[in-house]
Amino acid sequence: MNLKELYSLRTFSFVLIFILSSSFTIHNHIQILKRVKKEISKSFSIDDFLLIPVIIENEPDLTVDFSKDRFFKIISKDLLLGYAYVGTAPSKTETFEYLVLFNNEFIIKKSKVLIYREDWGSEIGSTRWLRQFNNKSIQDKFIYRENISAISGATISVKSMTNAINQLLSSLNLLIDKKIL
């Protein structure tokens, strides 16, 4: 095999890997969006609603990502029902996706782990454990082992989810104070 053929094979391999990784990303995005819509339907008891992206950029004090496909208004029949935030948080060696649904007054209606990628720590996805966040406002602060229960074998994920929700609430509080929301 000459140098030109080797170069072509290497380029082809790179393009193939890029296409495959992109398709997995698109598949994950579609899978997450389906789960978000299902949770909104159940939590708000509606089937007909719109998700309107709310993109917030250039706010240096924010500790969470409000870019495309992260934060949405939930609208039904021209009424604002609430908001949905899809975040990513670290676990021991991977990351996981989570959803936080708010009513129109920014009270947490539901939180859910959408995709968890590790063998250990998946207990944070249990409805019973996640219920601790429900009915809390953006003024609330969660503290591991004080008002957030520990889970044996899931310490890293519990702390990560707790921190992620605290950062989300703090960022929303800031956006409301600045009258951006």
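## Buried tyrosine Y98

At 2% relative accessibility, Y98 counts as buried. The reason is the cut-off: a residue is called buried when its relative accessible area is under 20%. The structure described here is a predicted model, and Y98 is one of the residues that take part in its aromatic pairs.

## Aromatic pairs

How many aromatic pairs does a search of the whole structure find? The search gives 11. One of them joins F71 and Y83, whose rings are stacked, with 5.5 Å from centre to centre and 10° between the planes. This pair links distant parts of the chain, since F71 belongs to strand β2 (residues 71–76) and Y83 to strand β3 (residues 79–90), 12 residues apart. Both partners are hidden from the surface by the cut-off used above: F71 is buried because its relative accessible area is 0%, and Y83 is buried because its value is 6%.

Y98 pairs with Y85, and here the rings are tilted, at 6.3 Å centre to centre and with 50° between the planes. Y85 lies in strand β3 and Y98 in strand β4 (residues 95–103), so their pair ties together parts of the chain that are 13 residues apart in sequence. Y85 also counts as buried, because its relative accessibility is 3%.

Ring pairs link F66, F71, Y83, Y85, F96, Y98, F102, F106 and Y116 into a cluster.

## Nonpolar cores

The largest nonpolar core has 34 residues, and F66, F102, I124, W129, F133 and M161 touch the most other members. Strands β3, β4 and β5 (108–116) and helices α2 and α3 each supply at least two residues of this core. Which element gives the most to the core? It is α3, with 8 residues. Apart from this core lies another, made of 15 residues, including I46, A84, L99 and L101.

Setting aside neighbours within four places in sequence, W129 is in contact with E123, I124, I148, S149, I151, V158, M161 and T162.

## Two residues with positive phi

N58 is not a glycine, yet its phi is positive, at about 60°. N58 is found in the loop between β1 (50–53) and β2. F106 is another residue other than glycine with a positive phi, near 60°, and its place is in the loop between β4 and β5.

## A loop residue and its contact

Q139 is found in the loop between α2 (127–130) and α3 (155–177). Q139 is exposed, because its relative accessible area is 57%, and the cut-off for this word is over 50%.

Which side chain does the side chain of Q139 meet in a polar contact? The partner is the side chain of N173, at 3.4 Å. Q139 can also be placed relative to L172: the two residues are 33 apart along the chain, and their C-alpha atoms are separated by 9.6 Å.

Key: Residues are numbered from 1 along each chain as its sequence is written. This is a predicted model: local features need pLDDT of at least 70, side-chain atom pairs count only at pLDDT 80 or more; totals for chains, interfaces and linings use all residues. Side-chain values use heavy atoms; hydrogens and water are left out. Rings of Phe, Tyr and Trp (its six-membered ring) pair if their centres lie within 6.5 Å; planes under 30 degrees apart count as stacked, over 60 as edge-to-face and the rest as tilted. Helices (H or I, at least four residues) and strands (E, at least two) are DSSP runs, numbered from the N terminus. Buried means under 20% relative accessible area, exposed over 50%, partly exposed in between (1.4 Å probe, protein chains only). A polar contact is a pair of N or O atoms within 3.5 Å; within protein, one must be able to donate a hydrogen and the other to accept it, and residues adjacent in sequence count only if both atoms are side-chain atoms. A nonpolar core is a set of buried Ala, Val, Leu, Ile, Met, Phe, Trp, Tyr and Cys residues joined through side-chain atoms within 4.5 Å. Contact means heavy atoms within 4.5 Å.
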